[in-house]
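Here is a short report on the spaces and cores of one protein. Look through the structure, then read on.

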Amino acid sequence: MAVGEIEVPARLARRLSLASFVLAGVTFLLLWVAVTALLSQDSLGSVLSAGWAELAAPLLVGLVVVTGICERIWPAEPRPVLARGHVQDACFLVLHAVVVIPLMTLLSVGAATLLSEHAQWIELRSAQDWPALVVIPVTIVAMDAANWLAHYADHRFTALWRFHALHHSQEELSVLTSFRAHPLMHTTGFLLASIPVVVLMPARAIDPVLITVYVCVGTLQHANLRWTFGPLGRVLVSPAYHRLHHATDIQDMNLGVVLTVWDVLAGRARFPSRAHRVGRTGLDGRPVPVEQDHVTAPPLRLMAGQLIEPFQAQR
C-alpha cells in the first residue's frame, strides 16, 4: 500500500469522532435486536403504533398548544412568535414525530429484550406478587432515577455530551425545546431506564397513560415561563427550576428529569424563586451551530449541520 493511501484514512480519522460512531453502533445494535424480536412475534407494527400513542398522545399535543399560548401571555422572556429559536425547534419537532418516536420505542424494546435474555438474574421475582398500586409507582420512580443518572452521564462524559450539547445550545427556550435533541441522545437513557422495568415488572406493562403523563411533565419544564409550581416545585421539576439547568454557567445543577429528589440527594439542586432573575441560556462560545449565529441559513440545512456536528472531531 502506498504512503498516500495510508495518509488519507488517517486524515479522515482525525476529522471524525470515533466515540460518536461507537454510540451510533450501540444504537444500531439495540434497534436490530428490537426489530428482530418484534418481527419474530409479528408485532412490529402494533408496538410502533403503541409507542406513537404514548409519545404523541392528544394529551401531550394539547399540553404543547396550551403551554405555547401561556408563553405568549406570561413569557419569562418576551419573543416574537417566529423567533429563530422557535422555528428551529419546530423543525426538531417534526424530526421527533417522524424519526425519534419510533426510535425511542425500539430502543426501549431492544434494551428490555437484551436484559431479559442475558441478565435474567436481575429480575426481582418477589415483585411479581406486589399489588399494581405499589409496583408501578416504584418502577416509575426508579425509571426517573435511571433517567437522572443518564442525564448526569450526558454532562459527565464527553462522548455523550457531544450529542446532548445540541439540546443545550438553544438560547430561546420554549416548550418546543423539549424536542430539540439529537436522536442518538436517547440511547443511554432508554438503556438505563429499561433496567428497573426488567427488575420489577418483567411480566407486566405500565399503563400508557402514566407514560404520557410522565412525558408531559418532562416537556413542560422547557416552557418559556417563570412558573415554579410553588411548594410542588420542591418535588417536581418546574420550568423555572429547569431553566437554571440551561443557564450558561451552572449546567451541572438541576439535572432532574421529572423529580427533584435526585438532585437534592446529590447536592445538585438549586431552587428558584418567583423573583429570580431570568438569565441567559445556551452554550458559551457556541460550540454547536446555532440559529442565532447563522441567521441566513435555512433551518433544515442548519439542522443537518447540528446533527452531523457530534461526529466531527473537536477542534
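## The cavity

The largest cavity holds about 30 Å³ of space. A cavity is a set of points, on a 1 Å grid over the protein atoms alone, where a 1.4 Å probe fits but cannot get out. Its volume is the space filled by probe spheres set on the points, which are joined across faces, edges and corners. One cavity of 30 Å³ or more turns up in the whole structure.

His96, Val100, Ser178, Phe179, Ala181 and His186 line the largest cavity (each has an atom within 4 Å of a point). Three of the lining residues are nonpolar, three polar and none charged.

## Basis

This is a predicted model: local features need pLDDT of at least 70, side-chain atom pairs count only at pLDDT 80 or more, and totals for chains, interfaces and linings use all residues. Residues are numbered from 1 along each chain as its sequence is written, and side-chain values use heavy atoms, leaving out hydrogens and water.

## The cores

The largest nonpolar core has 13 residues. Such a core is a set of buried Ala, Val, Leu, Ile, Met, Phe, Trp, Tyr and Cys residues joined through side-chain atoms within 4.5 Å; buried means under 20% relative accessible area (1.4 Å probe, protein chains only). Leu115, Ile122, Val135, Ile136, Leu200, Met201 and Ile206 touch the most other members. Another core, of nine residues, lies apart from it and includes Cys91, Leu166, Val288 and Leu307.

Met201 is in contact (heavy atoms within 4.5 Å) with Val135, Ile136, Thr139, Pro196 and Ile206, leaving aside its neighbours within four places in sequence.

Key: Buried means under 20% relative accessible area, exposed over 50%, partly exposed in between (1.4 Å probe, protein chains only). On a 1 Å grid over the protein atoms alone, a cavity is a set of points where a 1.4 Å probe fits but cannot get out, and a pocket is an open set with protein on both sides within 12 Å along at least five of seven lines; lining residues have an atom within 4 Å of a point. Ala, Val, Leu, Ile, Met, Phe, Trp, Tyr, Cys and Pro count as nonpolar, Asp, Glu, Lys and Arg as charged, and the others, Gly among them, as polar.
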